[in-house]
Amino acid sequence: MAEITITETDQRRSTARILDVREDFEVEEGMIPGALHIPMGQLQARLGELDPAVPVIAVCRSGNRSAAVADALNGAGYTADTMTGGMTAWTRAGLPTI
């Protein structure tokens, strides 16, 4: 699993699937436009919503949960990275949210 910056994530939004693994109440604070929201605890049950041919960038609040998710996805045959700093860093940088 690779860690990528918020800048790299922003640049790859059109070629990768952004996967937001935060809880519903956290997503209410804002989410990266175009991201797919699957809370970490639901990932196994909803794995079919991800295309194994499309790279995944996992995102959480700070980067801890998304790192675990990226590791699990890589172990399941996906190509997944985690966004360093999470949504905290994304919003501090003034990047877009919905």
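These notebook entries record what I looked up on salt bridges and on one leucine in a predicted model.

**Ground rules.** I number residues from 1 along each chain as its sequence is written, and I leave hydrogens and water out, so that side-chain values rest on heavy atoms. Because the model is predicted, local features need pLDDT of at least 70 and side-chain atom pairs count only at pLDDT 80 or more, while totals for chains, interfaces and linings use all residues.

**Entry 1, salt bridges.** I searched the whole structure for salt bridges (a side-chain nitrogen of Lys or Arg within 4 Å of a carboxyl oxygen of Asp or Glu) and found 7 of them.

For accessibility I use the relative accessible area with a 1.4 Å probe and protein chains only, where buried means under 20%, exposed over 50%, and partly exposed in between. Arg22 is buried at 3% relative accessibility, and Asp20 is buried as well, with a relative accessible area of 1%.

I found the side chains of Arg61 and Glu26 joined in a salt bridge, 3.3 Å from N to O. Arg61 sits in the loop between strand S4 (56-59) and helix H4 (64-75), and Glu26 in helix H2 (residues 24-27), so the pair ties together parts that are 35 residues apart in sequence. Here helices (H or I, at least four residues) and strands (E, at least two) are DSSP runs, numbered from the N terminus. I recorded Arg61 as partly exposed at 33% relative accessibility, whereas Glu26 is buried at 4%.

I noted a salt bridge between the side chains of Glu49 and Arg46, at 2.7 Å from N to O. Glu49 is partly exposed at 40% relative accessibility, and Arg46 is partly exposed with a relative accessible area of 22%. I also followed shared partners, and salt bridges of that kind join Glu26, Glu29, Arg61 and Arg65 into one network.

I placed Leu50 in the loop between helix H3 (43-46) and S4, and I found Leu50 buried, with a relative accessible area of 5%. Leaving aside neighbours within four places in sequence, I listed the contacts of Leu50 (heavy atoms within 4.5 Å) as Arg17, Leu19, Leu36, Leu43, Val56, Leu73 and Tyr78. I then checked Leu50 against Glu26, and the two are 24 residues apart in sequence and 21 Å apart in space, C-alpha to C-alpha.
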